[in-house]
Amino acid sequence: MDKADVISGVRQELADYLRLKSKRITPERNQLLEAIYSVDSAISAEELSEEMSRSSRFRISRATVYNNLKLFEDAGLVRKVFLNGRILYERTDRSKGVIRLICGGCGKTTEMNSDKVRRQIALMPTRRFNATGWVLNMYGLCSRCTADLKRRQNRLNKKHKDKK
Ligand SMILES: [Zn+2]
């Protein structure tokens, strides 16, 4: 499925949900949902507001962003995640999984894709449970923090040797 299909799909889901709850479908709501589904990683409410004020024709207040994020969450279209002490929001693509690499040093988070892992997880039996998605958090150090750590260790070793 390409991105345009995904977006028109979630727009439809949002429309159905709003109708069910007797709420209005507004262009702002559609734009916000599209913005979340246009990025492949988790995004904070602040980043989303900034993104909206940069790219959107609408002026959307931060309160509106928060209210709508809550609504999307209730509709099952967006998931709230806690990462490195921050609250972020991400799309809940039902079939898709997310693999995250989280650096314990600087907190940098990158996402990667592996069809091999995806296939294995799809094959994993989940008894009495209907899985709708998954997230795999992998912890470690990024290359920059690894290099930093090595430098610091070398310095410590040198100091130790000098003392002898
Ligand atoms: Zn790092």
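Student: Which domains does the domain assignment of the protein chain give?

Tutor: Domain 1 covers 1–93 and domain 2 covers 94–164. Such bounds come from an automatic or database domain assignment. The centres of domain 1 and domain 2, taken over C-alpha atoms, are separated by 27 Å. Please keep in mind that this is a predicted model, where local features need pLDDT of at least 70, side-chain atom pairs count only at pLDDT 80 or more, and totals for chains, interfaces and linings use all residues. Residue numbers start from 1 along each chain as its sequence is written.

Student: How do you know what radius of gyration a compact globule of 164 residues would have?

Tutor: There is a rule for that: 2.2 Å times the number of residues to the power 0.38, with the radius of gyration taken over C-alpha atoms. For 164 residues a compact globule would come out near 15 Å, but the protein chain has 21 Å. Along its principal axes, the C-alpha trace spans about 80 × 45 × 25 Å.

Student: What makes up the protein chain, in helices and strands?

Tutor: Six helices and five strands. From the N terminus on, the order is α-α-α-α-β-β-β-β-α-β-α.

Student: What makes Ser22 count as exposed?

Tutor: Start with the cut-offs: a residue is buried if 20 or more other C-beta atoms lie within 10 Å of its own, exposed if 12 or fewer, and partly exposed in between, with C-beta atoms placed from the backbone. Ser22 has 6 C-beta neighbours inside 10 Å, so Ser22 counts as exposed. Ser22 lies in the loop between H1 and H2, and has a positive phi of about 50° although it is not a glycine.

Student: Is Arg100 buried, exposed or partly exposed, and how do you know?

Tutor: Arg100 has 17 C-beta neighbours inside 10 Å, so Arg100 counts as partly exposed. Arg100 is found in strand E3.

Student: What makes two residues count as being in contact, and which residues does Arg100 contact beyond four places in sequence?

Tutor: Contact is defined by C-beta atoms, placed from the backbone, that lie within 7 Å. Leaving aside neighbours within four places in sequence, Arg100 is in contact with Thr109, Glu111, Val135, Leu136, Asn137 and Met138. Lys159, for its part, is 59 residues from Arg100 in sequence and 37 Å away in space, C-alpha to C-alpha.

Student: In what sense do E3 and E5 pair?

Tutor: In the parallel sense, over seven bridges. Here Ile102 stands opposite Tyr139 in E5. The open sheet of three strands has the order E4-E3-E5, with mixed pairing.

Student: Why is one side of E4 and of E5 left without a neighbour in the sheet?

Tutor: Strand E4 (109–112) and strand E5 (134–140) stand at the edges and each has a single partner strand, so one side of each is left without a neighbour. Of the seven residues of E5, the number buried is zero, so E5 lies largely in the open.

Student: What makes a set of residues a nonpolar core?

Tutor: The members are buried Ala, Val, Leu, Ile, Met, Phe, Trp, Tyr and Cys residues, joined through C-beta atoms within 7 Å. The largest nonpolar core has 16 residues, of which Leu33, Ile36, Leu77, Val78 and Tyr89 touch the most other members. H2 gives the most to this core, with four residues. Leaving aside neighbours within four places in sequence, Tyr89 is in contact with Ile36, Ala42, Ile43, Ala45, Leu69, Val78 and Lys80.

Conventions:
Helices (H or I, at least four residues) and strands (E, at least two) are DSSP runs, numbered from the N terminus. Two strands pair if DSSP finds at least two bridges between them.
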